[in-house]
Amino acid sequence: MPLSPHAPPCPPAPTDTTACVVHVAVHTPVHSGVGGLLSYTAPHSLPPGTLVRVPLGTRELLGVVWDKPEQTETLAPEQLKPVRSVLEGLAPLSPSWRRLVAFAAQYYQRSLGEIALTGLPPALKDMTAEQLARRLAPPKTKKLSKKAQATLAAEMAAQAEADATLLTPTFAENSIALSAEQQSVCTQMDQHPGPFLLFGATGSGKTEVYLQRVQQALEADPQAQALVMVPEINLTPQLLERFTARFAPLFGPQAVVSMHSGMTNPQRLKSWLAAHSAQARVLLGTRMAVFASLPGLKVVVVDEEHDPSYKQQEGARYSARDLALWRGRAQGAQVILGSATPSLESWHASEPETDGGPGRYLRLHMPSRIGAAELPRVRLVDMRQQPRRTVFSPALLGAITERVQRGEQALVLLNRRGFAPVLFCADCSWKSDCPHCSAHQVFHKGDRTLRCHHCGFTQRVPHACPECGNPDILPLGKGTEQLEEELARLLRNVQRPDGAPARVGRIDADTTRLKGALEQQLEQVHSGEIDVLVGTQMVAKGHDFRRITLVAAVQPDGALFSSDFRAPERLFCLLMQAAGRAGRDGSYVANQGSRPEMWVQTHDPEHAVFQSLRSHDYPRFAGQQLRERQDAGMPPFAFQALVRADAKTQETAQAFLRAASEAAQQGQLPHLDAVFLFPPIPMAMQRVADVERAQMLIEATDRRALQRFLHAWQPWLHWLRSQPAHKGLVRWLVDVDPQSL
Ligand code: ADP
Ligand code: ZN
Ligand code: ZN
């Protein structure tokens, strides 16, 4: 259309206005449908990665300036709200960090903003630009009085002296001579880019290999950084101590920082800033650390890579191990996965190409323990030959007694806390069911409560059966609390070499609720105050106990009845890890004239799990499990995702999933023929806190097909959720590569 002669003149060419539109990733409510980037104006152009505070509705949120999206919105700058403030003083987050976030968002089917903000320390979210500026400013040097100056100087001198004495022995430790196996592994790591699966027996010196690799990288490049991940926050203090002792003398006292959920927000911020500014050279942390900003990343270690806690189970359900591999490749960092019992996924991925395997990781083996330490002998007790209700077979009790009398320690493992999993009335069959969940309330004797371990609902223990008034209600089954009590009774006449009576202790989530309690209780084990330790899986992993020579799993069979196909793998790992706590100090064992043992009481001693455990034969176990998985078309030979729906009624939850399935068919989503949608079913834990839960499994043999299908499906799920027919839905979520079914 020709311009009319009366048309107003064109506005000035939008030279710098376009430069001032910024696209910002913010964490909008999870399923609001506003998943993408939001646009704002800024007084001057801001590089991607800059942190800003922006208005959204009535709130002000932290956001990250993002790269310009391919399809830009058409809103004119005057229709956009301005950025409220810019968090100056912080270097923008790097392109590699943004790529990691973008990949994770796409792979795990979440919004960019959610993942970006998950990766930032919570303290940043509530900080104004001024507060951050103050936080980043160097501390004001106040004029000190002469006297104060003298005191300060004296304190610093004393501190330096203390540091020196503290650090001297670690210099000696630096010159540790590697074992032949460690040496061979390190040489191979020099020659290959990785990723590596370091398959090393418990106590074979994997941690020492990590230390060597990290040290080498940090020495080679003054900008280099390392990320070291551990599965549990309980394991961070011990490892932090080892890394700090090794690296503080070499790279300074601030070189090693940690990051985990047990830290306060200001502490986490401090570590995050240290990593982001490259002041910290080593970041040691749990799964959340995988998103830390590490501009100089050169080495990534994932210790105990098989551990399920690398999978985030709330919000964005990412696998920190898998992201670590992706990040290492993208950022050019060497990745080392370590385990004595690798996940079957990693074991399969490291199957050499020469054997017809994928050969994606290089598998490196360290079969021997350091020094003279040998792996414990495994003794299986056939509980079918024992009188019913036997908790400790006489043979096991005898073996524990002997150890205590020789001054050694024993660890008794039971993966169930509380006194008894349920209370029961023999007259009317009443059970202590949780009114809000499809679970029993657990009897805790210490504070005489019934507690639901799923929703937390707690009641006083009733004096009589609430149904029929029978005063004789009975605990059914055993928990750690009861085991501790029973062991103390059984060992009451047993004496240690020093004549003191045997002492039994317990470590589980109940005894370690208070801050510092776990450290204190572990110290009691290390110092020898406790002779027999009863505990849950919490004590089975990682700890470097020096005087434990016997470990016993008293009731491990329950895990074999689980419907989850990963249950045998989990049990095998747990038992191998537990066995790894026995006889770690070879010279101690030899001096004692003792031999380390792992006892297992079972009703099914022929089971593959126990038979492979007996010969410490992980490869045999893994091979057998992988053949089963391949025959059944299960991971790692197939890829899975779960869609879960929560609602007031099971019917509402399943109806949503059925509708989602129908929408996929009708919408003719891409790769529909390559994915298999199972019918919706109630979850194994069907009801939690009065919410009914249902799930639907989606499976494909091609990961990319599954990814594309899920991506195309997302908008349908959001749309369905907004329909009146599904008003009763509480929430829905997608779990890619679920770790439990
Ligand atoms: P893992 O991580 O495989 O369980 P660690 O690295 O903790 O094993 O090593 C087990 C024990 O052996 C530790 O006490 C460690 O200090 C010690 N150790 C490791 N490597 C050596 C070595 N080359 N020489 C002497 N002691 C070592
Ligand atoms: Zn009753
Ligand atoms: Zn409950």
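## Helices α8 and α9

In this predicted model, helix α8 brings T207, E208, Y210, L211, Q212, V214, Q215, L218 and E219 up against L239, R242, F243, R246, F247, L250 and F251 of helix α9. The two helices cover residues 206-220 and 236-251, and they pack at an angle of about 30 degrees with their axes 11 Å apart. Because angles under 35 degrees count as roughly parallel, α8 is roughly parallel to α9. As for handedness, the α8 and α9 crossing is right-handed.

## Helices α16 and α19

Now for another helix pair. Helix α16 spans residues 567-579 and helix α19 spans 618-632; their axes come within 11 Å and cross at roughly 170 degrees.

On the α16 side the contacts involve P568, E569, F572 and M576, while α19 supplies Y618, F621, Q625 and R629.

## The zinc site

The zinc ion (ligand 2) is held by four SG atoms, from C425, C428, C465 and C468, at 2.2 to 2.4 Å. Angles among the four donor atoms run from 105 to 113 degrees, and the site is tetrahedral. For reference, the ideal angle for four tetrahedral donors is 109.5 degrees.

Along the sequence, the donor residues of this zinc ion follow the spacing C-x2-C-x36-C-x2-C.

How values were computed:
Residues are numbered from 1 along each chain as its sequence is written. Chains are lettered from A and ligands numbered from 1 in the order in which they are written. This is a predicted model: local features need pLDDT of at least 70, side-chain atom pairs count only at pLDDT 80 or more; totals for chains, interfaces and linings use all residues. Side-chain values use heavy atoms; hydrogens and water are left out. Donors are N, O and S atoms within 2.8 Å of the metal (3.2 Å for Na, K and Ca); water is not among the atoms, so sites may look incomplete. Four donors count as tetrahedral if all angles lie between 85 and 135 degrees; four count as square planar and six as octahedral if opposite donors are over 155 degrees apart and all others between 65 and 115; anything else is irregular. Axes are lines fitted to C-alpha atoms, for helices over the stretch in contact, and angles run from 0 to 180 degrees between N-to-C directions. Helices (H or I, at least four residues) and strands (E, at least two) are DSSP runs, numbered from the N terminus. Angles under 35 degrees count as roughly parallel, over 145 as roughly antiparallel, 65 to 115 as roughly perpendicular and the rest as oblique. A crossing is left-handed if the near helix is turned anticlockwise from the far one by less than a right angle, and right-handed if clockwise. Contact means heavy atoms within 4.5 Å.
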